[in-house]
Amino acid sequence: MEEAEENHIGLEVTNSSRHESKSHRMGLHLLIKMINKSRWKILGLLAIFFVMVWYTVSREESYTRDHPLFLQLKDYFWVKTPSIYELPYGTKGTEEILLRVLAITSYSLPESLQRLKCRRCAVVGNGHRLRNSSMGQTINKYDIVIRLNNAPVHGYEKDVGSKTTMRLFYPESAHFNPKTENDPNTLLVLVAFKPMDFQWVETILHDKKRLRKGFWKQPPLIWDAKPEQVRILNPYFMEITAAKLLHLPVKQLGRLKQKPTTGLVAITLALHFCDVVHIAGFGYPDSANKKQTIHYYEQITVKSMASSGHNVSQEALAIKKMLELGLIKNLTYF
């Protein structure tokens with residue numbers, strides 16, 4: 001009887017041990033399962049974190065404020081700053097004329113721009129899509145408005161706004177009245193493509209004999225701008241636009257016919273200078289559309305771009321990529 005009872009107790013202990021062992025195994029299995037699930041969550045979070053870090057670092061490497069926006073005299077007078085590229089990607093071979101131009105122009109930024117804690121910039125292109133867009137009031141609300149070439153403001157205020165902080169131009173595109181198409185303190189930023197561009201600025205500001213040769217289109221002979229308003233864009237921004245956005249071979253830049261447009265250079269400049277960059281009026285009509293005008297203010301078609309040395313299709317892809325990455329935002333359709 002006692003032996004049967006002991007056997008019964010032993011059986012209960014064994015069953016209890018087995019039950020506990022089974023419970024432990026189930027608990028361990030659930031724990032491992034939870035750890036595995038957590039592990040994938042942790043790995044996923046780590047992956048997102050590293051992607052964000054990579055994106056932040058890569059953006060900072062590409063678009064920093066380490067490079068001055070404009071050239072200044074001391075870099076060419078007191079300190080030798082040899083450039084490995086000729087214009088428009090460097091200043092090699094043009095130092096003498098550049099010294100004379102820098103001696104009569106300026107390089108500083110207005111105090112009102114320097115003290116901004118967050119620079120919200122609008123880069124306004126010259127595209128046809130601005131016509132009847134009613135974007136004027138929106139554009140005027142930005143801290144900094146960057147315009148291009150000879151794009152008029154007067155008479156188009158409802159669609160393009162009236163504020164102009166900087167206007168990028170080159171001699172052939174300087175056919176605008178600096179007083180009526182800009183604000184009194186607008187910075188007139190020369191994007192130099194060739195040595196003749198520096199010479200044109202010198203003749204205009206020093207009132208010397210005008211140059212009539214060396215340009216693909218005759219630049220203005222009278223240009224009523226104040227020397228203190230004129231800035232010379234650092235060729236670095238042309239170089240980085242060609243190399244990083246258009247992926248042109250850096251070592252062959254000087255021999256390539258293709259050059260970035262002033263508009264794409266303006267976006268690159270804004271990405272280095274501004275905290276927020278929005279664009280408006282960028283994009284060309286489809287190449288098959290022969291009659292659609294490309295600018296909001298004049299009746300020229302995409303055919304005129306054929307011999308311009310600009311690859312507008314490649315530039316459109318570059319802008320779309322920046323939009324997809326969230327580097328810039330479009331105020332108009334693209």
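Buried means under 20% relative accessible area and exposed over 50%, with partly exposed in between (1.4 Å probe, protein chains only). Helices (H or I, at least four residues) and strands (E, at least two) are DSSP runs, numbered from the N terminus. The model is predicted: local features need pLDDT of at least 70, side-chain atom pairs count only at pLDDT 80 or more, and totals for chains, interfaces and linings use all residues. Residues are numbered from 1 along each chain as its sequence is written, and side-chain values use heavy atoms, leaving out hydrogens and water.

Helix α3 spans residues 95-104, and its buried residues are I97, L98, V101, L102 and I104. Viewed down the axis of α3, these residues fall within an arc of 165° (taken from the directions from the helix axis to the C-beta atoms), so they line one face of the helix. The face turned away from that buried side carries E96 and A103, which are exposed.

| Element | Residues |
|---|---|
| α2 | 74-77 |
| α7 | 195-205 |
| β5 | 230-232 |

Strand β5 also belongs to an open sheet of seven strands in the order β5-β4-β3-β2-β1-β6-β7, with parallel pairing. Two strands pair if DSSP finds at least two bridges between them. β5 and β7 (329-330) each have a single partner strand, so one side of each has no neighbour in the sheet. Strands β1 (residues 120-124) and β6 (residues 276-280) run parallel and are joined by five bridges; V123 has I279 in β6 as its bridge partner.

N234 lies in the loop between β5 and α8 (236-245). With 11% relative accessibility, N234 counts as buried. Beyond its neighbours within four places in sequence, N234 is in contact (heavy atoms within 4.5 Å) with H67, P68, L69, F70 and L71.
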